[in-house]
Amino acid sequence: MKKQKNKLAGLQKRKAISGYVFISPFIIGFLVFLVKPMFESLYMSFCKVELGAGIFNKNFTGIANFKYIFTVDADFNRLLVEEFSKMMLYSVAIMVFSFFVSLILNQEFRGRALVRAVFFLPVILASGVILGLEKNNSLMAQIAQTIELNAEGVSITGALESLLRTAGVGVKAYEKVFEVIDNIYDIAIASGIQIIIFLSGLQTISSSMYEAADIEGCTKWESLWKITFPMISSMFLVNWIYTIIDFCMRTDNEIIKKISDTMTMLLDYGTASAMSWVYFVIVIVFVGITSFFISKGVYYYD
């Protein structure tokens with residue numbers, strides 16, 4: 001028994017070492033290239049930065065920059081609330097979408113590899129082709145305009161939304177649902193990594209578990225909740241953290257645009273640094289709290 005425990009401990013140690021070897025390039029890169037700029041940015045958030053020809057002076061002003069962004073700036077607080085509301089809505093939508101797509105892609109059917117590639121292709125091409133199709137593309141704009149004209153103003157989601165508004169039933173909830181439906185393209189584009197992660201978890205589940213459940217009389221719905229969910233619950237935690245971080249770093253994030261404009265157009269490095277650190281701390285706290293509650297439902301098995 002003792003020999004078996006030592007063997008398991010040695011295996012866990014080797015796995016841990018392998019994990020640290022894989023993430024060592026990131027750790028080294030972070031220590032070499034990011035630690036100093038982070039502390040410089042933190043210090044600048046408490047300073048009034050003066051720029052000029054060959055001049056970069058940092059005059060310590062305490063928490064003046066933080067007072068300004070919370071009490072004087074007209075947009076920062078509003079953008080924080082709007083972006084975090086949008087982040088929570090879209091993060092949940094991406095998680096649900098990617099999970100059910102991964103369930104479908106895990107089934108046996110012809111062309112499965114091609115369909116998987118189609119969902120993951122936007123991740124590979126996001127910095128080039130797909131980004132070009134999404135932003136400032138005249139061809140895509142003309143196609144969208146043609147579709148809109150040919151549709152003669154008929155929209156199923158629009159008609160349903162108008163009907164529900166007239167009925168006055170759950171207006172706020174339905175508005176959020178239709179907002180997600182109207183932006184399903186963006187959700188699908190942002191779900192590539194999550195689908196792959198869920199797929200990797202689904203493929204680790206032994207088919208014998210489902211066979212045993214079928215023999216015991218379990219329905220597919222019961223197998224989903226009793227087998228699939230517990231066995232890949234750790235993937236939900238990974239995907240949740242990734243989805244939040246990915247959303248907060250999007251190029252169309254209004255907070256990021258606000259910080260960038262403050263720094264590049266107004267040349268106010270101190271205020272921009274203060275905004276960056278406030279946003280960073282809020283995101284980290286949100287990730288920490290939500291991850292804590294999600295981790296309570298994670299099922300770990302040997």
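In helix α2 (residues 64-71), the buried residues are N65, F66 and I69, where buried stands for under 20% relative accessible area, exposed for over 50% and partly exposed for the range in between, with a 1.4 Å probe and protein chains only. Viewed down the axis of α2, these buried residues fall within an arc of 100°, so they line one face of the helix; the arc is that of the directions from the helix axis to the C-beta atoms. On the face of α2 turned away from the buried side sit the exposed residues K67 and T71. Helices (H or I, at least four residues) and strands (E, at least two) are DSSP runs, numbered from the N terminus.

The model is predicted, with pLDDT of at least 70 needed for local features and 80 or more for side-chain atom pairs, while totals for chains, interfaces and linings use all residues. Residues are numbered from 1 along each chain as its sequence is written, and side-chain values use heavy atoms, leaving out hydrogens and water.

Turning to the strands, β1 (residues 47-52) and β2 (residues 55-60) run antiparallel and are joined by six bridges; strands pair if DSSP finds at least two bridges between them. L51 has F56 in β2 as its bridge partner. The hairpin of β1 and β2 has two residues between the strands, and G54 takes a positive phi near 70° there.

Rings of Phe, Tyr and Trp (its six-membered ring) pair if their centres lie within 6.5 Å, with planes under 30 degrees apart counted as stacked, over 60 as edge-to-face and the rest as tilted. The pair of F84 and F286 is edge-to-face, because the ring centres are 6.2 Å apart and the planes stand at 80°. This pair links distant parts of the chain, with F84 in helix α3 (residues 76-105) and F286 in helix α15 (residues 269-295), 202 residues apart. F286 also forms a tilted aromatic pair with W240, at 6.5 Å centre to centre and 45° between the planes. W240 lies in helix α13 (residues 233-248), 46 residues apart from F286. W240 is buried, with a relative accessible area of 10%, and F286 is buried with 17%.

Elsewhere, ring pairs link F99, F100, F198, W221, W225, F229 and F236 into a cluster. Finally, the charged end of K86 sits over the ring of Y90, 5.7 Å from its centre; this requires NZ of Lys or CZ of Arg within 6 Å of the ring centre and within 35 degrees of the ring normal.
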